[in-house]
Amino acid sequence: MWRFIARRLLQAIPVFLGTTFLIYAMVFALPGDPIQALAGEKPLPPAVVNALREHYNLNDPLLVQYVKYLGGLLQGDLGETFDGQAVSDVLSGRWTVTAQLALTAWLFELVIGIGLGVWAGLRRGSLADTLVLGGTTLVIAVPVFVLGYTAQIVLGLNLGLFPTAGTEDGWPLSYLLPGMVLGSLGLSYVARLTRTSIAENLRADYVRTAYAKGLTKVRVVGRHTLRNSLIPVITYLGVDFGTLMGGAVVTEGIFNLPGIGQQVFQSIQLKEGPVVVGASTLLVLVFLVVNLAVDLLYGVLDPRIRRD
Amino acid sequence: MFGRGLSRSAGAVALALSVGAAAAGCGGGDKASDGTFVAGHPEPDHLIPGNTTSSYSWDVTSELFENLVDLDKTGNPVNAAASSVESKDQKVWTIKIRPGQKFHNDEPVTAASFVDAWNYAAYGPNAFEGNDYFSQIKGYADLNPEDEKAKPKTDKLSGLKAVDESTIEVTLDAPFSQFKLLLTHPAYAPLPKAAYNDIKGFDNKPIGNGPYMMDGAWERNKQIKLKVFPGYTGTRKPKNKGFTWRSYASQDTTYTDLRAKRIDLMQSIPAAKVPEAKRLLGKNVLPRETGTFDYLGFPLFDKRFANADLRKAISMAIDRNGINKAVYNGEYTVADSLLPPMIKGHRPGACGELCTYNPTKAKELYDKAGGFKGTLELYFSNAQPSYEQWMQIVANSLKQNLGITDIQFRKIPVSDYLSMLSDRKEKGPYRQNWEADYPSAQNYLEPQWHSTKNRMAWTSKEFDGLIAKGNGASTDDEAIKFYNQAEDVAIREAPLVPLWIWKSFGGKSDKIDNITITPYANGLLAHEVTVK
């Protein structure tokens, strides 16, 4: 098991170098001149333009820029945004917001999604099952911004159940509504995956054996079926945590949460290479760690899967 | 803050859900009044006045700093930190500073506070965004050499002198009658000595000489809190106890929060929400005049556009009123001059037939000019969907009224649009937008039409000469006379034709009153706002 972890962590190094370089190159290839875009309608004198280009290494070819960036990175310097803030400051400020949002959404998916899935899976064909299937299909079909604005106007503004936007009320209050909106898509998949998986496993031989041994239903479902059924669900939840961290641009925008997704979106428009690379690298690392954890969990859920 | 404490200790989702209803009402605008208010706007980029061209930064800095000269509500310059600004020849200006003024850290405001700040902003290698606003001061070229690799000879403007503690002498390259108005621009704010030790840290917690001071540091992407500066001695005495600028990434969300009473004020309700806002907010919707002007420019470096009759034909084939009704609910002001009505020197109807929809005359001029050959490409940026809407109507008019059938749209990403125009890569008429830095006819005319500055490659010694005469004039009336003559030349030749002036709508809560949002760089006059 330790060798497995070590191997996975070593694999992370080429993945890290590859992603940083690819993303750096992609930002570099974006059209437009970031310095001119900074100035807006007013002309910038050549001396100012040059000072800025020198400062951000924009006069260098791609490879030199990238090596300079990596050099800074090794000394813990993530670079600077075009408005002069250290990327590390920007990311650490936004990181907490994104982490709180992703965690809220993820918990929502986990608890409610698995709960609904089990409920429906145990009663295949019943009204409950139909409701869960129908409801989740609806959520999958509706685009997230429609869901977001609707929830904000109805639950936040009209009913006053939640704050409409912002982070002023802290965790969890400020993050409940956006978390539910962000997690609703994943929740639907989790519920459907759990339901199918449970329904299939209920027909398996080992379940019949367990019942024949005289075990109670609670014990059969809770200890045997559920544990076996959760493997695809856990895989999904692991991948989805990464998506929740990076893919919350729309939700963050609607609910005015200054998170990573929004920053990456803005920085791509401004061609701020260091920010995009820094944020993406962080997300890649989160992705790697979460998936390592998921792989380790397989062994716990199903002892037949072993790591050595 | 009831909601915050409770939800923290509660932790559990279910409990928090049940208290949501009680807590949601506690944010921003609905608190028991403490004499402060919250306004929402997009995040600023910098809080050093010389290092920004963002109006969201000026929202904050105009209350943190006090310039030598300020604008009154009708756009006239009035002395603020200065007690007098005088010149005999419009070229050498002597400024006396009102005694007894202090920065928020108790440092006295002296001539050096201004001179050092301006030198710092004008020095090319400091890469301040407001650098260009100092280009008329003598010696500017030495700080910003044309050759971008060259190191500047000096970091001090030779035309800038602190004669004594309270006297500044400014020498310009050429006479400039509008200098007092230029001094109202945010870039001309003073900086305390404390700024230069750590200019980046200063950007997070600026120390100014204005009626308000920072209440804590700038919470990036969240909010900037300002409180009253007790040592302020000027005329903008605050009528409230402080205010907060809260940052929003989306205008729609700002509007939702205004409706939810989480903020008290926003300056521009999204255009699509204005009809709804008028219905729901009633008197709390604040109509605002602006100085933001849309024009249609012609690339005169392309020979096909060299004939003035063709340019006039295109301008006269455009139904400005129809577009205003179709795209902007009839809210915008259709241009009748090269200047917006809020600018002194605006003459109603000055544009004459050039701005009047007249398909018959347009077709005559078009035929006289020999028509147009090839593809007519129309350029605009993707910043707002309405640009495409009105360009499509323009294209239809040109098809119907002039018979130009081969028309293509060129929608350019916003980040490339301006560099495309300054590199003169466009091959057809383009959308040009301008908002003045200070309310003067000169600031609309000279940057957009002057032979050395315009984007169209139009040259006119007559126009340049009249602008120079206006800049050298000793009275306002005389200056305006020359500017108007220059305007007539630009209308006659039509290298850049006016379309319309924007209108915008702010919104407020019941909690606050006495809202003035000027169409100038100072924007919201926050010190005048009263809180219930």
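Helices (H or I, at least four residues) and strands (E, at least two) are DSSP runs, numbered from the N terminus. This is a predicted model, in which local features need pLDDT of at least 70, side-chain atom pairs count only at pLDDT 80 or more, and totals for chains, interfaces and linings use all residues. Residues are numbered from 1 along each chain as its sequence is written, and chains are lettered from A in the order in which they are written.

**View 1. Two domains of chain A.** Domain 1 covers 2-74 and domain 2 covers 95-301; the bounds come from an automatic or database domain assignment. Their C-alpha centres lie 33 Å apart.

**View 2. The side of domain 1 of chain A that touches domain 2 of chain A.** Domain 1 brings 16 residues to the contact and domain 2 brings eleven. Two residues are in contact if their C-beta atoms, placed from the backbone, lie within 7 Å. On the domain 1 side, helix 1 (2-29) and helix 2 (34-39) each supply at least two residues. Helix 1 gives the largest share, eleven residues.

**View 3. Helix 13 of chain A.** This helix runs over residues 273-301.

View 4. Residues 12-30 are 95% helix and 0% strand, with end C-alpha atoms 27 Å apart. Residues 175-193 are 100% helix and 0% strand, with end C-alpha atoms 26 Å apart.

Terms used
The expected span of a helix is 1.5 Å times one less than its number of residues.
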